[in-house]
Amino acid sequence: MSRWAAISRSGAAVLAGLLLLQAPALGRVRPHYGGEVRIESSGAEAPDFVKLLVTETLTYIDARGNVVPGLATSWQSQNGDRRWQFRIREGVQLHGIETDTPVTAALAAEAIRGGLSRTGTAARVHSAGTEVTVEFDAPMPQFAAQLADVKFSVAGSDSHGIVTGSGPYAIQSIAGPRMTLAANPDYWGGRHYPETITLLWGRSTREQSLDLAAKRADLIEVPPQELHRAQQERSRLSKIFSAEVVVLTAQRGTDAKLRQALSETIDRAALLNFIFQKQGSITGALLPDWITGYGALLPAVHDLSHARQLRAEVGGRATFTLGYDTKDAEMQLLAERIALNAREVGFTLQCLARTTDVDWLLLRVPVQTANPSAALTETAQSLHRSVELNDATLESVFRAERALVADYTLIPLLHLHHAWAASDRLHDWSSASPLDPLPAATWVDNKVESKP
Amino acid sequence: MRLEMRIGGQSANRYNSRIVRKTLLAALFALSLALSCPAQLPSPDAVQEFASRIEALTGPGSATLTATNSSSASVEQFAAFRKALQRDLQDAGVRLRQSAQVNSDIRVTLSENARGLVYLAEVQQGSEKREVIAEAPFAAAVVASNSAMTLRRTQLVSSAEPVLDVAQIHLANDTKLVLLTARAVVLYRQQAGKWTEETASPIPHGRSFPLELRGHLVPSGEGELDAYLPGVICQVGFVSGFHAECRDADDAWPLGAQAAFFNSSGNYFNGLLRPGFGGPLPPFFSAAALPYPGHTLWIFNGVDGRVRTHDGVRPATLNVRDWGSDMVAVRSGCGSGTQLLVTALTDESANDSLRGFEFVERQPVLAAPALEFAGPIMAIWTASDGLSAMAVARNTRTGNYEVFNVTMGCNQ
């Protein structure tokens, strides 16, 4: 269990925010300080973007996927990307702790060790002066981008065991699934505009929607199956793009031809149209096209005659179990439709509401970064695969991704659109996206009506 | 948008005609860029490099070429790209044919991702298929100014880092451009008609800068400027070499005949003025002075959204509801002689605009319709000579900060 998950479950949970060092998308009315942003989410713990408002990482990924400085001001790699050196920003303090606790290279090294252990990556991490050195046995060209993930955040804890960081907000209180953050006036990147942020997690989509309509929330999630309705109702939406990939994963050894046949039987377009109201795209790639642009080279193939041919070549029995998350209604529908498709070419798929002890598993994997190399690494880790990159170029990422899907043990199906909806109180929100629902430039207009 | 074209080529011509054709195509390529809006294409060099990587796979034999547009590039831009690629492949020795009797099939897709355009090529030789992928960051969008408008703008430079203010400095035999950024005071010189960075002097500061950083350049003497930032003042000199000496200070920022104290942890003036009007004003984002016979009418754009005036005796509030936070006065010589340039109100649209107002009986009257910008105006100050304004707009497509000199034209 991750440290963050543990904190959340113990009720002492977490917090927040993504500091994008790219310049904010300010409007023409200059931002006002003060006010409260009320966020609601559905997960079992605070979303990562909120966590990164409290703790920070050594690097950040900007909206274009570029790696930019965070708590590290500069970095370099040597020895074919096996050795990485990071220079830590000086004069940054952890907030919420009575005594001054500076962010040191030693603290950053500890955060890196923690993140690496969670990904099962072996490395030697040293700190000296203001520098941290990380040495790998194999090339890690994506490491600087990978460090932007929340699992590498630099954090401490106060005397009550509450997480503290160096970010633009500090945890003020936690009570059950509600957390209040207060602006850090001394934030090294400049104080953020809203004075407080309250987060309520574990809210259903319907509850969130009602709270936004009743002016009790300022920022809510809009999952793919709700997007069409939100658009029809002219909700104020963030940028909409694919932030989740649905993947069919082989959990046990099967014949490669059978796997390919199964992939080619699946009518992805029907899955998208009927279950997700066309809010996304069909895919043969793990990463969405807006991140890579090379989706055309990994097309989704739906070819029943070829699938039948492959199935006939293998012969024998083709009965498998297909598992899905018991709490996910869309995944159940998806599994049942896939089973229906598979029957057309002689497969028998038994759909089971469980995620263990199955032949195939249907998974939703969130896309958490706009950087191609980091996105592929994190997606692969979520699917219990590892990625080997020669370098951080797009072509290298493509070759690594193609290698992941080439044997059909991972069958990408859909990229699903996500968005956030906001109240009229939020200004300079136009750059908001599923990955960054609360941009640093956003401010609150207290003159607009809100209700407690 | 998806557009597919199957094209075949002719054998390569003689070297000289190739150069002429290349020049013409490059001009066509550039023209298509200039005439079209945002869907920007990269430099011809990027296409040439892509072609040479394809040729490295195909060798100098014959090939078919199929090109598909999966990007936001317009039909014209895609056609220009296709022509440039065809030319560069032929120059590299690939003989493009339409027949099936070829060594290679090349399928090219013009795609894009969050960073820019992506060129994809699949090269099929027999049963073997290999790929080439190249990225080309978005080039700056070319947004044509509407020449019919009274307000006109000239782009001076485009910078990747935020620009807070800009000043032109006229030295003995030279004119320089000075950009104030969060990082440094940056000196530009003109070279072949373009402003290029010459040198920079860093700005050390003891305290953190606020999130929305503002700054102002003010002439302080012959060949000297003062750079004001929240909590920091730099003296910028040019006579004995370019240099900037900075110190932590909260001195008032000169705004014409008044000096206003800036909130060093925010993005606004706190309302204290020197010499002032006998008492503090509500905090404001921007101020401008319009000359009237016998007095000056000051206009303050308040943090509370209200626009107030003060003639030195009486304060008043203007009934305006669609003004942005920033405004400057420009001594154009048109109409009453001085106009107020005001940014737009909404923050919902990606684009911003400037409008020009005359003041008649102390009330604003629209004098120049909106001049559009391809992104929010992040900073605008009256130029050092008072005759024009220096505006910095962040291009929402490229993310670059584009510096414009904005003038008010008469006889429109």
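**Close-up views of a predicted two-chain model**

View 1. The side chains of Arg203(A) and Asp211(A) meet in a salt bridge, 2.5 Å from N to O. The model shown here and in the other views is predicted. With a relative accessibility of 5%, Asp211(A) counts as buried. Shared partners extend the picture: salt bridges join Glu40(A), Arg203(A), Glu207(A), Asp211(A) and Arg216(A) into one network. Over all chains, the count comes to 43 salt bridges.

**View 2. Arg83(A) and its surroundings.** Arg83(A) lies in strand 5 of chain A, residues 83-88. Its relative accessibility is 27%, so Arg83(A) counts as partly exposed. Setting aside neighbours within four places in sequence, Arg83(A) is in contact with Gln76(A), Ser77(A), Gln78(A), Thr133(A), Val134(A) and Glu135(A). The side chains of Arg83(A) and Gln78(A) are joined by a polar contact of 2.7 Å. A polar contact of 3.5 Å links the side chain of Arg83(A) to that of Glu135(A). Leu258(A) lies elsewhere: Arg83(A) and Leu258(A) are 175 residues apart in sequence, and their C-alpha atoms are 42 Å apart in space.

View 3. Arg83(A) forms a salt bridge with Glu135(A), with the closest N and O atoms 3.5 Å apart. This pair links distant parts of the chain: Arg83(A) sits in strand 5 and Glu135(A) in strand 9 (residues 131-135), 52 residues apart. Glu135(A) is partly exposed, at a relative accessible area of 22%. Glu131(A) forms a salt bridge with Arg87(A), and here the closest N and O atoms are 3.0 Å apart. Glu131(A) counts as partly exposed at 23% relative accessibility. Arg87(A) is also partly exposed, with a relative accessible area of 38%.

**View 4. The two sides of helix 10 of chain A.** Helix 10 spans residues 304-314, and its buried residues include Ala307(A), Leu310(A) and Arg311(A). These three cover an arc of only 100 degrees around the axis, so they fall on the same side of the helix. Ser305(A) and Ala312(A), on the other side of helix 10, are exposed. Helix 7 of chain A (256-265) is among the elements that cover the buried residues of helix 10. Just after helix 10, Gly315(A) takes a positive phi of about 70 degrees.

**View 5. Where chain B meets chain A.** In chain B, 52 residues are in contact with 44 residues of chain A. Together the chains bury about 3,600 Å², 47% of it on carbon and sulfur atoms. Five salt bridges are counted between chain B and chain A. One of them pairs Glu131(B) with Arg402(A), the closest N and O atoms being 2.7 Å apart. On the chain B side, strands 4, 5, 6, 23, 24 and 27 each supply at least two residues. Strand 6 of chain B gives the most, with four residues. By class, this side of chain B has 21 nonpolar, 16 polar and 15 charged residues.

**View 6. Chain B as a whole.** Chain B has three helices and 29 strands. Of its 412 residues, 53% count as buried. Among contacts in chain B between residues at least 6 apart in sequence, 49% join residues at least 24 apart.

Note on methods. Residues are numbered from 1 along each chain as its sequence is written. Chains are lettered from A and ligands numbered from 1 in the order in which they are written. This is a predicted model: local features need pLDDT of at least 70, side-chain atom pairs count only at pLDDT 80 or more; totals for chains, interfaces and linings use all residues. Side-chain values use heavy atoms; hydrogens and water are left out. Contact means heavy atoms within 4.5 Å. Buried area is the accessible area (1.4 Å probe) that two parts lose on being put together, summed over both. A salt bridge is a side-chain nitrogen of Lys or Arg within 4 Å of a carboxyl oxygen of Asp or Glu. Ala, Val, Leu, Ile, Met, Phe, Trp, Tyr, Cys and Pro count as nonpolar, Asp, Glu, Lys and Arg as charged, and the others, Gly among them, as polar. Buried means under 20% relative accessible area, exposed over 50%, partly exposed in between (1.4 Å probe, protein chains only). The arc is that of the directions from the helix axis to the C-beta atoms. A polar contact is a pair of N or O atoms within 3.5 Å; within protein, one must be able to donate a hydrogen and the other to accept it, and residues adjacent in sequence count only if both atoms are side-chain atoms.
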